[in-house]
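Dear colleague,

I am passing on the structure we spoke about, and below it you will find notes on what turned up when I went through it. Please read them with the sequence and the model open beside you.

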Amino acid sequence: MNIILIGPPGAGKGTQSKILETKYGLKQLSTGDMLRAEVSAQTELGQQAKAIMDSGKLISDDIIINMIAQRITQPDCAQGVIFDGFPRTVEQAKALDRMLAEKKKPLTAVIHFQVNEDELVGRLNSRIRQAQESGQAVRADDNEATLRQRLAVYREQTAPIIPYYEATGLMKKVDGMAPIEDVTEQIEGFLKSV
Ligand code: ADP
């Protein structure tokens, strides 16, 4: 089973990925987490990526596509993958189609999280507050100005993948503003029917 979660930053993709990982034995691949690991390890890629990520813009398609192409050949991806934060451009979506066709592992479903942008800002602010209260580090791109920039980038560069996947008939919409368990239930309902 290979699933893509699409939705703006803060839509709840990461939360649902973790739940689906456990329930279905899939591997969550979050390109954001992979890039943050490169930044912490101070690799060459991490050093180049940091400023772009902090500004809320996208890393180039080539870099991301290579990163995913290598990652999905690892044994922990054999049962299937939940793609979280990837693809983020039509170019990346086309590259993923080619990779999956080569591995003869088709896409099972594309879950589109629909959200209200104003409520997302509220969610982000509480995520920051919670992190601060529990003494965790706040991500450098977790602030309202960068979130607004990331939302603009989402509308311009990522939203075009929605009609791309709609045309495949694999896309399902969920209400990202619903409680966590309700969103999980909606997704599980779709997965039963595929
Ligand atoms: P969010 O919290 O907005 O969902 P992520 O954790 O997925 O963000 O990603 C953080 C940053 O990493 C993005 O703003 C972008 O700079 C970079 N990034 C992550 N995934 C991709 C991708 N597929 N293509 C390009 N850039 C990416």
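In which strand does Asp-175 lie? Please keep in mind throughout that this is a predicted model. Asp-175 belongs to strand 5, which covers residues 171–175, and with a relative accessible area of 39% this residue is partly exposed, because that value falls between the 20% below which a residue counts as buried and the 50% above which it counts as exposed.

Asp-175 is also one of the residues in a patch of negative charge on the surface, where it gathers with Glu-181, Asp-182 and Glu-185. The element that gives the most to this negative patch is helix 9, residues 180–192, which provides 3 residues.

A last point concerns Ser-17, which is found in helix 1, residues 13–24. Ser-17 has a relative accessible area of 0% and is therefore buried, since the term applies to anything under 20%. Between the C-alpha atoms of Ser-17 and Ser-30 there is a separation of 9.0 Å, and the two residues are 13 residues apart along the chain.

With best wishes

Terms used:
Residues are numbered from 1 along each chain as its sequence is written. This is a predicted model: local features need pLDDT of at least 70, side-chain atom pairs count only at pLDDT 80 or more; totals for chains, interfaces and linings use all residues. Side-chain values use heavy atoms; hydrogens and water are left out. Patches are made of residues with over 30% relative accessible area and no salt bridge: like charges are joined within 9 Å, nonpolar side chains (Val, Leu, Ile, Met, Phe, Trp, Tyr) within 5 Å. Accessible areas come from the Shrake-Rupley method with a 1.4 Å probe; for residues, only the protein chains shown count as cover. A salt bridge is a side-chain nitrogen of Lys or Arg within 4 Å of a carboxyl oxygen of Asp or Glu. Lys and Arg count as positive and Asp and Glu as negative; His and the chain ends are not counted. The place of a charge is taken as NZ of Lys, CZ of Arg, CG of Asp or CD of Glu. Helices (H or I, at least four residues) and strands (E, at least two) are DSSP runs, numbered from the N terminus. Buried means under 20% relative accessible area, exposed over 50%, partly exposed in between (1.4 Å probe, protein chains only).
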